[in-house]
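Dear colleague,

I am handing over the structure we spoke about, and below it I have set out what was found. Please read the notes alongside the coordinates.

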Amino acid sequence: HVLYPTQNAVETEKDPNNSSLVFLIESKGVKTLLTADISKKTEKIIVSTSDVHNIDILKVAHHGSKNSSSKEFLEAAQPNISIIQVGKNSYGHTKTTTKHRYTNLPQRP
């Protein structure tokens, strides 16, 4: 399922990261959410327009930057496994505050 962007977002969004494709893949009972480089702004839209609850595998948005992985988004998604795609970079990714939000997620019932 393509959750984002909508046609309106593609036409009006100034930040190309917030026009990144966001996919929800459901296969054999496993829900995987691929978030590309979206920011907290887009996470908020996705939570309000899509069912992203109880995600099994989450590809962490924007390499774990400070601009993504909001508390509200993580509380909705409650991922079992989170994967951060990052290599040597000059941006300082992955931020310690972002990693902290993931390591302190409450366990799903």
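In strand S4, Lys59 is the bridge partner of Leu34, and this pairing belongs to the contact between S3 and S4 (residues 57–59), which run parallel and are joined by three bridges.

Confidence is highest in strand S3 (residues 30–34), where the mean is 97, and lowest in helix H4 (residues 96–103), where the mean is 72. Where pLDDT is low, the predicted coordinates should not be read in detail.

Strand S3 also pairs with S2 (residues 22–27), to which five bridges join it in an antiparallel arrangement, with Glu26 standing opposite Lys31 of S3. The two strands form a hairpin with two residues between them, and Lys28, which sits in that turn, has a positive phi of about 50 degrees.

As for helix H4, one of its residues is Thr98, which counts as buried because its relative accessible area is 0%, against a cut-off of under 20%. Leaving aside residues up to four places away in sequence, Thr98 touches Gly64, Ser65, Lys66 and Ser69, while its C-alpha atom is separated by 8.9 Å from that of Asn67, which is 31 residues apart from Thr98 along the chain.

With best regards

Definitions and conventions
Residues are numbered from 1 along each chain as its sequence is written. This is a predicted model: local features need pLDDT of at least 70, side-chain atom pairs count only at pLDDT 80 or more; totals for chains, interfaces and linings use all residues. Side-chain values use heavy atoms; hydrogens and water are left out. pLDDT is the predictor's confidence in each residue, from 0 to 100. Helices (H or I, at least four residues) and strands (E, at least two) are DSSP runs, numbered from the N terminus. Buried means under 20% relative accessible area, exposed over 50%, partly exposed in between (1.4 Å probe, protein chains only). Contact means heavy atoms within 4.5 Å. Two strands pair if DSSP finds at least two bridges between them.
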